[in-house]
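Notebook open, model loaded. I'm jotting down what I look up as I go.

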Amino acid sequence: MQNFPLPNLDGAPIRLNRDFDNLPNWYREEDLKIFREDHPFINEIPKGWGNPWPDLPNPDEEHSEFFLDRIKLSEPRNRCEKRSLLGYYLSWHIIGVSFQNENGRAPRNGSELKSYNDGLPKENRFGIHICCKSIEEYIERFSTDGIEPSEIPLYKEYCTFLTLVYVIAHEWGHYRSEVLSFQLTNFVKSVTGIDSSNLSPSYLSYFVNKKRFPLSNFEEVFAEWTSLKAGIFNYRMKKPSFATMIPNWPIVEATVELMLTRAISRPSRIRPYSDIRFWVDFDNITSDKIMERLSQNLRSLNRAVNDNTKLDLIKSFKNGKIIDLLMHNQMQFSLGHNFNGIIESAPLAFPYKPDSVFYDFGDDECMKTPRTAYNSNKYLRIENQSFSLNASPNIYKAIQGLKEPGEDDAVLPIKVFSQILPLDPIYFHV
Ligand SMILES: [Zn+2]
């Protein structure tokens, strides 16, 4: 057993209602209008492989009716039935809430919670879940106009690969957020010397707020940012084997990635996902300069995502990162510690005096996966999948393409914080 932390379930879910009744709704439609202008992207794109992508389905479950005390995860529930859902992340905290609801008490320790989790139906277990059919059906809607007929299967496979790493990295962003709540708790403990300081973040309060105000949920912006940084533009991600067969691959690759970023940042896309365009300078990360760097095979686009956040527009966050903003958000959910307001998905109400304690807290970089990584719990892993080629052909091929020769599992160059919250292999639902 790893050092599996126990979610702080103190008082949950009863305490939550009291905390949240007086929270203002931070969403202000009229203030948004000034941000609505669309930015032009590069005009010159190759035909076919540069076809615009259809609107993206959501990488999350909707929670129009959300009550913590109704969560009972021992009841099977096929969320992927809904074809608008690409994937989801089930947090360790929610497993804890379900344990409490079903047993009438909090779990005694991490081991007890882990056994409870392992006994749940697969689709309800802690971790990252992928809805294969939704991804396959999304790819089926793509226009293949202008693409050489012999290249169409490769085009679809590559679009599936990009969508898959987009969803995985998005869900990883939610995992990162939960890890952060544990890191903050440890940090506060190390400063104050007490176990349950009122400065410690309450992940559950924070979670409920996200569900209550989904339109201005900043964590979704963070998750979209990680989807760019750790997924789409992760230069350490294994290239598809057919990359060598397509002429001028670096430009083709950059163009397809660009088409996905357009689908992500499109103003017509629903909030809060599309709000990512207020935080990241898409003009810059898809600029000629960077395309040129790519065509010379300088694989620095991941760093470009980091460099092109618009955080330098906010004086107080000059040295901050998006992860620092997320950390700041979580700190707000400490009782009696609501001093700067919640950070919204659209940057309308930046905290004007964030404390320097929020800066440079963690390392969230992508990692190079050495050969020895296959038995390591430090990387995101896709275990050998039991589903057949027929069940989800493009996902199947994309996963095969992510494997190193002779290996059963695929190991993604995305960090797992195994000392804080180990993350099991990703669940694929066909
Ligand atoms: Zn999400």
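**Ground rules.** I call two strands paired if DSSP finds at least two bridges between them. Helices (H or I, at least four residues) and strands (E, at least two) are DSSP runs, numbered from the N terminus. This is a predicted model, where local features need pLDDT of at least 70 and side-chain atom pairs count only at pLDDT 80 or more, while totals for chains, interfaces and linings use all residues. Residues are numbered from 1 along each chain as its sequence is written.

**Sheet with β2.** I started with strand β1 (residues 87-90), which pairs with β2 in the antiparallel sense over 4 bridges. Going across that pair, I found Tyr88 opposite His129 of β2, and Gly87 opposite Ile130 of β2. Then I checked strand β5 (residues 427-429): it runs parallel to β2, and 3 bridges join them. His129 has a bridge partner there as well, Tyr427 in β5.

For angles I use axes that are lines fitted to C-alpha atoms, for helices over the stretch in contact, and the angles run from 0 to 180 degrees between N-to-C directions.

Is β2 mostly covered or mostly open? It is mostly covered: 5 of the 5 residues in β2 (residues 127-131) are buried. My cut-off for buried is 20 or more other C-beta atoms within 10 Å of the residue's own; 12 or fewer is exposed, in between is partly exposed, and C-beta atoms are placed from the backbone.

**The other strand pair.** Strand β3 (residues 379-382) pairs with β4 in the antiparallel sense over 4 bridges. Tyr379 stands opposite Lys415 in β4. For β4 (residues 410-415), 5 of the 6 residues are buried, so the rest of the structure largely encloses this strand.

**Core.** Next I looked for nonpolar cores, meaning sets of buried Ala, Val, Leu, Ile, Met, Phe, Trp, Tyr and Cys residues joined through C-beta atoms within 7 Å. The largest one has 100 residues, and Leu162, Val165 and Ile168 touch the most other members. Helix α6 (residues 152-192) gives the largest share of this core, 18 residues.

What does Ile168 contact, leaving aside neighbours within four places in sequence? I listed Ile128, Ile130, Gly231, Leu412 and Ile426. A contact here means two C-beta atoms, placed from the backbone, within 7 Å.

I picked two residues from α8. Thr226 sits in this helix and is buried, with 28 other C-beta atoms within 10 Å. Not counting residues up to four places away in sequence, Thr226 touches Ala169, His170, Trp172, Gly173 and Arg176. Its C-alpha atom is 9.9 Å from that of Val167, 59 residues apart along the chain.

Lys229 is also placed in α8. Why does Lys229 count as buried? Because it has 25 C-beta neighbours inside 10 Å. The C-alpha atoms of Lys229 and Val305 are separated by 6.0 Å, although the two are 76 residues apart along the chain.

**Helix crossing.** The axes of α3 (residues 92-103) and α4 (residues 110-118) come within 10 Å and cross at roughly 90 degrees. That makes α3 roughly perpendicular to α4; 65 to 115 degrees counts as such, under 35 as roughly parallel, over 145 as roughly antiparallel and the rest as oblique. Ile95, Gly96 and Phe99 of α3 make the contact with Leu113, Tyr116 and Asn117 of α4.

Most peptide bonds are trans. The one from Arg271 to Pro272 is cis, with omega near 0 degrees. Pro272 lies in the loop between α9 (249-265) and α10 (282-285).

**Whole chain.** I logged 14 helices and 5 strands. Of the 430 residues, 44% are buried.
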